[in-house]
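Here is my note on the model you asked me to look through. Please read each point with the structure open beside you.

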Amino acid sequence: MNRLSNCIKFETKKATKSTLIFMLFLLVFYTLSIVLTLVEHSNNATYSSMGFFMPFSIFLFINVSISYTPHYNFLLMLGNSRKTIMFSQFISYFIIAVGSVIAVALLELISQAMFKPMHFNYVNLLNIVYRTNLTFVSTVSWYLTLFMAICFFSLFLGAMRYKFGKIFSRIFWAAFALSWIFIPPLLMVSGNKSNLLNFVKYFFGVDYNNGIYVASANFLIVAIIFGIITYLIGIKQEMIVSEKN
Amino acid sequence: MNDMILETANLTKTYKNVTALNDFSITLEKNKIYGLLGRNGAGKTTLLNLLTSRIFAHSGDINIFGENAVESEAALSKICYMPEKNMFIPKMKVKEIIATSSEFYENFDMNYADKLCDKFKLSKGKKYHELSRGYESILRIVIGLASHSPITIFDEPVLGLDAAVRDMFYKELLEDFIEHPRTIIISTHLIEESANIFSDIIIIKDGKLISLTSTEELRESMFYCSGREDIIDRVLSDMNVIHTEMVGSVKVCVVHQKLEASELKRLQDENLDVSPIPIQKLFIYFTDNDKEATHE
């Protein structure tokens with residue numbers, strides 16, 4: 001138990017540090033955008049409730065993935081079993097997902113406090129997508145499960161990269177790039193009859209009653225599936241040390 | 001046998017078609033400093049990685065303090081293994097690495113770690129990737145020594161260190177060992193200078209255990225005998241000669257057997273020179289690919 005808590009402490013401490021730096025960067029960026037807007041004297045500027053969500057998701061995705069190898073090796077070197085390392089990662093990334101929700105909420109509050117006195121238009125994107133009155137619980141569950149899905153999928157990518165090396169990264173990013181070329185036409189080609197489009201709508205809960213909860217449940221399922229796969233990979237993984245680490 | 005701390009039985013590890021460790025059985029005892037010697041690719045690092053569950057064996061058992069050590073947190077928490085290859089996080093500062101390490105080893109002595117950093121002039125404010133090869137080794141030495149783990153393992157601990165710092169390390173290790181006796185395993189290629197600190201020496205060749213014996217016994221297990229060729233051939237005919245060479249008109253033989261006092265007298269009476277073999281040379285004869293010298 002002591003080793004597990006030490007591993008969690010290590011993981012969360014490293015993540016908190018990088019998250020705080022990234023938050024600071026985002027705040028500076030948003031402050032600059034306000035200054036630029038004021039310089040242009042625009043009265044019709046619009047800001048959305050999800051302005052911080054995309055950059056934060058990308059940050060989480062990259063940060064979790066690239067941390068996997070060095071953290072796994074370091075904790076293995078300090079005499080921890082793979083089981084402890086894997087469990088500590090799951091608990092840590094759950095904590096980090098919670099922390100990310102708090103961070104995004106804080107950034108939203110700060111931005112609202114900055115924009116509202118200027119009478120800019122305010123758009124809540126979640127409201128538009130789900131056409132429903134958002135509650136605190138539904139909003140938090142959507143953000144939390146999404147960040148969990150991102151963390152656990154990214155953890156899975158980190159584990160695969162550790163196992164198969166750079167070749168996996170190259171194949172994954174090539175497939176990712178190709179998906180942007182092929183998927184949009186596939187979504188369009190059959191209109192509303194497209195199975196792929198229906199799946200995407202179902203996955204994100206669009207056009208569903210209580211769609212925001214449908215999406216949250218799907219995000220949670222994705223997080224659990226990738227968590228289990230990552231555990232199965234990590235628990236049997238032999239140490240691999242590159243010269244660069 | 002009560003002093004047994006670590007035991008492997010029929011350990012085998014293969015990488016694709018290469019057998020790195022073959023049916024390897026060994027028993028190590030409490031409070032000894034073991035030198036782990038072997039040529040490049042002999043299986044030293046594979047053995048150490050197996051002992052610490054960094055990799056898995058294809059067959060065989062590993063017991064530490066009497067319990068199965070594979071992925072056992074109880075066993076792993078008693079081992080501090082400082083590997084040769086970089087497993088630290090490059091962007092972490094030295095002080096952060098030491099502080100994090102201290103949380104995972106229950107006997108870790110932070111004051112001693114600070115003292116060692118000062119002694120070896122290791123800057124705690126530097127990031128790991130800013131350290132030279134030598135200071136990377138020093139960081140490993142600091143953590144390994146300060147951990148005071150019941151089993152402390154160093155893989156090539158003095159890589160990149162100059163002679164003076166290497167000497168400091170050997171002295172520090174011995175002083176700390178006297179104060180905090182424990183089992184220490186050192187894998188090294190710098191045999192001659194480190195031989196004096198080993199109480200026992202393990203020699204591995206091609207993934208097999210060639211010898212595990214006390215340093216003294218190993219020293220006594222071979223000797224040089226030199227003199228006129230005709231006398232050498234006659235006198236040593238009943239001895240286990242594993243290597244011969246001519247130096248001018250003098251024939252030099254390496255004899256692989258313990259020399260009793262009566263035999264020494266007989267050789268000296270025949271005007272033959274008898275001298276001990278340095279550990280490094282001994283190691284070479286043991287691991288010579290053309291010869292098979294084994295020590296029970």
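1. How exposed is B:Glu103? With a relative accessible area of 28%, B:Glu103 is partly exposed, where buried means under 20% relative accessible area, exposed over 50% and partly exposed in between, computed with a 1.4 Å probe on protein chains only.

2. Before going on, please note that this is a predicted model, in which local features need pLDDT of at least 70 and side-chain atom pairs count only at pLDDT 80 or more, while totals for chains, interfaces and linings use all residues. Residues are numbered from 1 along each chain as its sequence is written, chains are lettered from A and ligands numbered from 1 in the order in which they are written, and side-chain values use heavy atoms, with hydrogens and water left out.

3. The side chain of B:Glu103 forms a salt bridge with that of A:Lys9 at 2.9 Å, N to O, a salt bridge being a side-chain nitrogen of Lys or Arg within 4 Å of a carboxyl oxygen of Asp or Glu. This pair crosses between chains, from helix 3 of chain B to helix 1 (residues 2-40) of chain A; helices (H or I, at least four residues) and strands (E, at least two) are DSSP runs, numbered from the N terminus. A:Lys9 is partly exposed as well, at 42% relative accessible area.

4. In helix 4 (residues 110-119) of chain B, the residues B:Tyr112, B:Ala113, B:Leu116 and B:Cys117 are buried. They lie on the same side of the helix, because they cover an arc of only 140 degrees around the axis, the arc being that of the directions from the helix axis to the C-beta atoms. On the other side of helix 4 of chain B, B:Asn111 and B:Asp118 are exposed.

5. Strand 3 (residues 33-38) of chain B is largely enclosed by the rest of the structure, because six of its six residues are buried. B:Ile33, B:Gly35 and B:Leu37 are on one side, and B:Tyr34, B:Leu36 and B:Gly38 on the other. Strand 3 pairs in the parallel sense with strand 8 (residues 183-187) of chain B over four bridges, and with strand 9 (residues 200-205) of chain B over five bridges; two strands pair if DSSP finds at least two bridges between them.

6. Within chain B, B:Asp238 forms a salt bridge with B:Arg266, with the closest N and O atoms 4.0 Å apart. B:Asp238 lies in the loop between helix 9 (229-235) and strand 12 (241-247) and B:Arg266 in helix 10 (residues 261-269), so the pair ties together parts that are 28 residues apart in sequence.
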